[in-house]
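Hi there,

Here is the model I promised to pass on.

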Amino acid sequence: MNNPVLALEDVRLTLAGNAGPVEILKGITLNVAKGETLGLVGPSGSGKSSLLMLMGGLERATSGRVQALDQDLTALDEDGLARFRRGRMGVVFQNFHLIPSMTALENVAVPLEIMGAEDAFGRAEAELVAVGLGARIHHYPAQLSGGEQQRVALARAAAPRPAIFLADEPTGNLDGVNGSAIMDLIFATGRPW
Ligand SMILES: Nc1ncnc2c1ncn2[C@@H]1O[C@H](COP(=O)(O)OP(=O)(O)O)[C@@H](O)[C@H]1O
Ligand SMILES: [Mg+2]
């Protein structure tokens, strides 16, 4: 595969448990091409979130190599990882992870402002309109339904137009109808992810 967007080579993750070290990932080798969409399926506790965190540079591998966009993530320190993620990685979590003291608009504008993007608030509003929340931009997360909160999280993750978009059980806290709507948004053609 030419220049995969993500390249994992014999990645291992061992964490300290109460009864000694726990081997969570035992030698994962995986390539993801540009434009490829990959679903990771497995029982609870099998290491899906851990693998996603490694791919996103949010967790460090115990050994092996994680390369994203031709950058070896295992060679970067915490600050380096944070800089690398900025604008390149979009991550959506099961629990939305919105900032409760900020409105939907402010939540979406944050990553754009951190990037130093021009017209962060204008762009943030356009992203919220794109996920069908144009009438909710000044609402706080607590004033939004679960499905609406996840739309805000999608808009926030997509706003910087990341090259890599990771979602960890993004419909896990939603009912069937809202879950399908979120999946439709994630896989809709023409969207950046
Ligand atoms: N910080 C941690 N310390 C020790 N074990 C952990 C830690 N985080 C997760 N685990 C364990 O790692 C395994 C994989 O967890 P996880 O990646 O969350 O799985 P999944 O997302 O597939 O449900 C589980 O057995 C979990 O208990
Ligand atoms: Mg998980």
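Two residues are in contact here if their C-beta atoms, placed from the backbone, lie within 7 Å. This is a predicted model, in which local features need pLDDT of at least 70 and side-chain atom pairs count only at pLDDT 80 or more, while totals for chains, interfaces and linings use all residues. Residues are numbered from 1 along each chain as its sequence is written, with chains lettered from A and ligands numbered from 1 in the order in which they are written.

Helices first (DSSP runs of H or I, at least four residues; strands are E, at least two). Gly146, Gly147, Gln150 and Leu154 in H5 meet Asn178, Ala181, Ile182, Leu185 and Ile186 in H6. Five of these contact residues are nonpolar, four are polar and none is charged (Ala, Val, Leu, Ile, Met, Phe, Trp, Tyr, Cys and Pro count as nonpolar, Asp, Glu, Lys and Arg as charged, and the others, Gly among them, as polar).

Now to ligand 1. Which residues are around ligand 1? They include Leu15, Val22, Ile24 and Lys48, where near is a C-beta atom, placed from the backbone, within 6 Å. H1 (48-55) is one of the elements that supply at least two residues of this shell, and H1 gives the most, with three. By class, the shell has three nonpolar, eight polar and one charged residues.

Finally, the protein is divided into domain 1 (1-85) and domain 2 (87-193), with bounds from an automatic or database domain assignment. In domain 1, 11 residues are in contact with seven residues of domain 2.

Best wishes
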